[in-house]
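Hi,

Here is the structure I promised to pass on to you. Have a look at it first, and then read on for what turned up.

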Amino acid sequence: MEGQLSKIKRVSSLAKITARLKKDGKRIVLCHGVFDLVHPGHVRHFASARNHGDVLIVTITADKFVNKGPGRPIFRQELRAEVLAAIAFIDYIAIVNSGSAVDAIRKIRPDYYVKGPDYRNRKPTPSVPRKLGEEEKAVLSVGGQLIFTDDAVIYSSSKIISDYLEVYPPRTKRFLTEMKRKYTSEKLIADLTKLKKLKILVIGDAIIDQYHYCLPMGKSSKEPVMVHRYVADESYMGGVLATVNHLSSLSRNLTLLTVLGKKNSFRSFITRRLRPQVKPVFLYQSKDPTIIKRRFLDLNNRQKLFQISYLHEDFVLPEQTEKLILGYLKKELPKFDLVVVNDYGHGMMTPKTIRHICRHARYIALNVQTNSANFGFNVVTKYPRADFVCIDNQEIRLATQDRFSDLTLLIRSIQRKLKCSFMIVTKGPYGAVGYSQQAGFVEVPALTDRIVDRVGAGDALFAIASPCVYAGMPPDVVTFMGNVAGALKVQVIGNKKQIEFVDLAKYITRLLK
């Protein structure tokens, strides 16, 4: 066993080892994948790859970069590496901290990069970048060659796991089985690509999310206070800024309308991080800086310790700024197919602005959020109309002033009041429920059990679901798409990374395989 484990190296160490081996005339072969469940197809693949050279290296994707659905990977990266080390004709194994093999290829510089036969005939999906294409470029850049093994029988770890292993809770498995019966991943992904021409206005509160990482030092000697040592900090786009970036994965024609503070506006920070598809319209108010929500976290486990919000609880939007918002809307609102409203209750969405949008917008997707600054006062019923409403369980109970009634009764009540065609109410770890008068209720379970950070998950779900509702996708598909986005988001700290089309496509494909 000890000899087998000595095969497992760091990629940086393998770079030095392969440099020496190549000087001795050895041909290096590299295979890469997740290899969560090693089956006969993998063994044949490795044996065939070994025949192309003198030294076979297998790299595996680290756990945190595996986006194959709930419960995956089944085996943690160390165990996956140990299993591969037990295969005699594999010479070295390394764990790659990346979603692709590109970095490993550049460092190891293989003569041959070998993929399985299923990759040779895999049909590319429009608008989805091919990871294999990037890997082929990398191997060609180091003087290597991409080749495919040939086997008449093709196995799929994901399908074996989905069909025979209980990686999903029973409720999730039943739902995915029904989705596979009704839809193919190719059809759902193709439908998403049709949304790119939608002209969308996104309006709401801009927020800068700051994460300050600390380490506990111990109790203060003079006060009953736990003292922490500052280590590092990061800033991310929050609020409507995150929503519009998520939407850029689906639409190429986005306009952002938001208000910044004249002092400490963060304009350059925001502009650098907005996606190219987004046209920003920034208006300014002089009373306060742009809203900052600063969270302090334990560096070791990412547990949040406390939060400081830089905003005034009694903030009122200056009348001049409100006039500028209304002036823009009167001129531009008719040009948009869809208006996405992100109302965080921080003052931008005034009664006059709400009335104008509700009277004149062609189609409204509405998200009204409850937070510590507006608890109980920022509810969805302050809007007289919406076509799509997305809120959480607590928010709908505050809006109806009903803590205990069945959720379905509350959803019907809000639907009648706002006359919306579709609603989604999110339920955290229990997934989400969608409702339309025509189709009734659809329950979609949470689609991941790997939680890094819940902040922004609802924004991601709302952002991806909104154009899907506008396009008339079925209720179960809309709610599923939203939950896929939420599942991707909770696996990332803060809004460090926005939802990408390629990640949506891959996750949908894995779930419906």
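**The second largest pocket**

In this predicted model, 41 residues line the second largest pocket, and those nearest its centre are R454, V455, G456, A457 and G458. Several elements give two or more residues to that lining: the strands β8 (206-219), β9 (226-239), β12 (291-298) and β16 (388-392), along with the helices α15 (393-400), α17 (457-470) and α18 (475-489). The pocket's volume comes to about 1,100 Å³. Sorted by class, its lining holds 19 polar, 14 nonpolar and eight charged residues.

**The annotated span**

UniProt, in an unreviewed entry, lists residues 199-494 as "domain: Carbohydrate kinase PfkB". In the model, that span is 33% strand and 30% helix, and its end C-alpha atoms lie 27 Å apart.

**A look at E443**

Leaving aside residues up to four places away in sequence, E443 touches R171, F175, K427, A432 and V433. Two of these partners also make polar contacts with the E443 side chain: the side chain of K427 at 3.1 Å and the side chain of R171 at 3.3 Å.

Key
Residues numbered from 1 in each chain as written. Predicted model: local features only at pLDDT ≥ 70, side-chain atom pairs only at ≥ 80, totals over all residues. Heavy atoms only, no water. UniProt positions renumbered as here; feature names shortened; annotations may be inferred. Helix = DSSP H or I, 4+ residues; strand = E, 2+ residues; numbered from the N terminus. 1 Å grid on protein atoms, 1.4 Å probe; cavity = no way out; pocket = protein on both sides within 12 Å on 5 of 7 lines; lining within 4 Å. Points joined across faces, edges and corners; volume = space filled by probe spheres on them. Nonpolar A, V, L, I, M, F, W, Y, C, P; charged D, E, K, R; others polar. Contact = heavy atoms within 4.5 Å. Polar contact = N/O pair within 3.5 Å; in protein donor to acceptor, adjacent residues only side chain to side chain.
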